[in-house]
Amino acid sequence: MMQKVEGNVAFHTAMSTAFPQPAPGTAPGPGPIKDLPAGKLRSVLGITSVRQVRGSARLAIVDTALAAV
């Protein structure tokens, strides 16, 4: 997961639900992982839950893989 703030806007990224993305800073450029072994696909795709916690300026972000690594 990666977070960036520009002015008053916060951007959050999380696990992909369609195209597996490399971890931030580990690939030469943006784009999906193209040489991923088929058996590892479910471990790099996931579901993200985002909740606002009352009394906190931060978001509660939980990233869950579709399958264990």
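User: What pattern does the protein follow, read along the sequence?

Analyst: The pattern is β-β-α-β-β, and the secondary structure comes to 1 helix and 4 strands. Helices are DSSP runs of H or I with at least four residues, strands are runs of E with at least two, and both are numbered from the N terminus. This is a predicted model, in which local features need pLDDT of at least 70, side-chain atom pairs count only at pLDDT 80 or more, and totals for chains, interfaces and linings use all residues. Residues are numbered from 1 along each chain as its sequence is written, and side-chain values use heavy atoms, with hydrogens and water left out.

User: Where in the protein is confidence lowest, and where is it highest?

Analyst: Strand β2 (residues 9-13) is lowest, at a mean of 73, and β3 is highest, at 81. These are pLDDT values, the predictor's confidence in each residue on a scale from 0 to 100. The protein averages 76, and 86% of the residues score at least 70.

User: Why does Val-53 count as partly exposed?

Analyst: Buried means under 20% relative accessible area and exposed means over 50%, with partly exposed in between (1.4 Å probe, protein chains only). Val-53 has 40% relative accessibility, so Val-53 counts as partly exposed. Its place is in the loop between β3 (46-52) and β4 (59-65).

User: Which residues is Val-53 in contact with, leaving aside its neighbours within four places in sequence?

Analyst: They are Arg-58 and Ala-60, where contact means heavy atoms within 4.5 Å. Ala-60 is also the bridge partner, in β4, of Arg-51.

User: What makes β3 and β4 a pair?

Analyst: Two strands pair if DSSP finds at least two bridges between them. One of the bridges joins Ile-47 to Thr-64 in β4. The two strands form a hairpin with 6 residues between them, and Gly-55 in the turn has a positive phi of about 85°.

User: Why does Leu-41 count as partly exposed?

Analyst: Leu-41 counts as partly exposed because its relative accessibility is 36%. Leu-41 lies in helix α1 (residues 41-44). Neighbours within four places in sequence aside, Leu-41 is in contact with Pro-20 and Leu-36. The C-alpha atoms of Leu-41 and Ala-67, 26 residues apart along the chain, are separated by 8.8 Å.

User: How many of the residues of the protein count as buried?

Analyst: The share is 9% of the 69 residues. The protein exposes about 5800 Å², an accessible area from the Shrake-Rupley method with a 1.4 Å probe; for residues, only the protein chains shown count as cover.
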